[in-house]
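Thanks for making time this morning.

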Amino acid sequence: MLEPSPDCPFCPRLQSFREEQRTRHPDWFNAPVPSFGDRQARLLIVGLAPGLQGANRTGRPFTGDYAGDLLYRTLLKFGLAEGAYAADPADGLRLTGCLITNAVRCVPPENKPTGGETRTCNGFLKAQMESLPRLQAVLALG
């Protein structure tokens with residue numbers, strides 16, 4: 001499986017935090033954040049985990065926070081994205097030749113996943129990497 005289910009039960013602490021955020025912000029995404037980009041990517045960009053008010057809110061990696069502003073501007077500059085980035089998953093931005101994911105798919109409390117949570121999500125990251133037939137490079141951010 002490439003992506004965890006919206007109600008992924010594998011990390012109890014993250015599941016509890018996700019439920020808390022659903023109560024506080026029912027209009028936010030508040031689920032494991034799926035990968036975004038080109039499924040024929042040569043470059044895989046891996047962040048640590050979704051940001052509370054960024055990807056956890058919007059449902060797209062690096063979207064809605066300052067790190068995303070920098071990342072997507074850079075991808076556009078180097079031809080790895082097309083369209084316009086507007087910090088909204090409905091902005092029409094398309095990645096070309098790259099895919100973005102997170103090592104941990106759910107927002108962690110205080111933005112600090114545990115080693116166990118990282119290991120639990122490693123299966124999703126491994127599956128993602130194995131699914132990219134043209135993958136040449138991985139860039140870890142975070």
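This is a predicted model: local features need pLDDT of at least 70, side-chain atom pairs count only at pLDDT 80 or more; totals for chains, interfaces and linings use all residues.

Residues are numbered from 1 along each chain as its sequence is written, and side-chain values use heavy atoms, with hydrogens and water left out.

Helices (H or I, at least four residues) and strands (E, at least two) are DSSP runs numbered from the N terminus, and two strands pair if DSSP finds at least two bridges between them. On that basis, four strands make an open sheet with mixed pairing, in the order S1-S5-S2-S6. Its edge strands, each pairing on one side only, are S1 (36-37) and S6 (137-140). Within the sheet, S2 (residues 43-47) runs parallel to S5 (residues 98-102), and five bridges join them; Gly47, for instance, has Asn102 in S5 as its bridge partner.

As for the helices, H3 (residues 66-77) lies across S1, S2 and S5, at about 165° to S5, and H4 (residues 115-130) lies across S2, S5 and S6, at about 165° to S2. Those angles, on a scale from 0 to 180 degrees, are taken between N-to-C directions of axes fitted to C-alpha atoms, for helices over the stretch in contact, where contact means heavy atoms within 4.5 Å.

How many disulfides does the structure hold? It holds zero, a disulfide being a pair of cysteine sulfur atoms within 2.5 Å. The sulfur of Cys8 is too far for a bond, because the closest cysteine sulfur, in Cys106, is 5.8 Å away.
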